Amino acid sequence: MKANAIGINHVALEVGNIDEALKFYGNFLNFEVHEKNEMQAFIYFGDQFINFTKNDNRQPDQKRHIGIAVDNKELVRQTLEQMGVKLLKGPFLDFLDPWGNRVEITTYINIQYTKADHVLQGMGLGHLKKTEQALAELNARGLGPKKNDNN
């Protein structure tokens, strides 16, 4: 027997400075800080979180990355450009944070990943609806919403 993987609760990113990480990510993302000290911080996006962990010896990512779904990818792109963050070449909105963590920004409505309606409502994002393509991908895997629910 094996346990069933249900989802990813959190990701830990190694950073050189907790306060600087909160400032950097806080420039382009809304989140709640639930716990913070000089060695770590936990930032929540509804029911999931990122754990920033202090590591002064962080090596830059090559292909390994974290994907963050947002409601407005173009706003993130514009903000990152205004911040002077170098965007990586390729088909996605990828960049390295100041500690070498590779981050990919994606649009929530275009992907299969789905938050529960009550979580979206609690985040003030209940207006977000999946695109027809994202719904078709979910339906093809038997994971689509019921007819009266198109999130």
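Hi everyone, let's start with a contact: Lys-115 and Asp-47 form a salt bridge through their side chains, at 2.4 Å from N to O. This pair connects distant parts of the chain, 68 residues apart. Lys-115 sits in the loop between strand E7 (102-107) and helix H3 (117-122), while Asp-47 is in the loop between strand E3 (40-45) and strand E4 (48-54). Lys-115 has a relative accessible area of 9%, so this residue counts as buried, whereas Asp-47 is partly exposed at 39%. Please keep in mind that this is a predicted model.

How many salt bridges does a search of the whole structure find? The search gives eight. Another of them brings together the side chains of Asp-19 and Lys-36, with 2.9 Å from N to O. Here, too, distant parts of the chain are linked: Asp-19 belongs to helix H1 (residues 18-26) and Lys-36 to strand E2 (residues 32-36), 17 residues apart. Asp-19 is partly exposed, at 47% relative accessibility, and Lys-36 is partly exposed with 44%.

Then we have Asp-94 and Arg-102, whose closest N and O atoms are 3.1 Å apart in a salt bridge. Both Asp-94 and Arg-102 are buried. There is also a network: Glu-14, Arg-58, Asp-61 and Arg-64 are joined by salt bridges that share partners.

Let me stay with Arg-58 for a moment. Arg-58 is found in the loop between E4 and strand E5 (66-70). Is Arg-58 buried or exposed? Its relative accessibility is 15%, and therefore Arg-58 counts as buried. The Arg-58 side chain has a polar contact of 2.7 Å with the side chain of Asp-61, and one of 2.7 Å with the side chain of Asn-101. If we set aside neighbours within four places in sequence, the residues in contact with Arg-58 are Glu-14, Arg-64, Trp-99, Gly-100 and Asn-101.

Gly-100 takes us to a hairpin. E6 and E7 form this hairpin with five residues between them, and Gly-100 in the turn has a positive phi of about 90°. Strand E6 (residues 93-96) and E7 run antiparallel, joined by four bridges, and Phe-95 stands opposite Val-103 in E7. E7 also pairs with E5, in the parallel sense and over five bridges; in that pairing, Val-70 is opposite Thr-107.

How many of the six residues of E7 are buried? Six of the six are. On one side of E7 we have Arg-102, Glu-104 and Thr-106, on the other Val-103, Ile-105 and Thr-107, and both faces are covered.

Methods
Residues numbered from 1 in each chain as written. Predicted model: local features only at pLDDT ≥ 70, side-chain atom pairs only at ≥ 80, totals over all residues. Heavy atoms only, no water. Salt bridge = Lys/Arg side-chain N within 4 Å of Asp/Glu carboxyl O. Helix = DSSP H or I, 4+ residues; strand = E, 2+ residues; numbered from the N terminus. Buried < 20%, exposed > 50% of the residue type's maximum accessible area, 1.4 Å probe, protein only. Polar contact = N/O pair within 3.5 Å; in protein donor to acceptor, adjacent residues only side chain to side chain. Contact = heavy atoms within 4.5 Å. Pairing = 2+ DSSP bridges.
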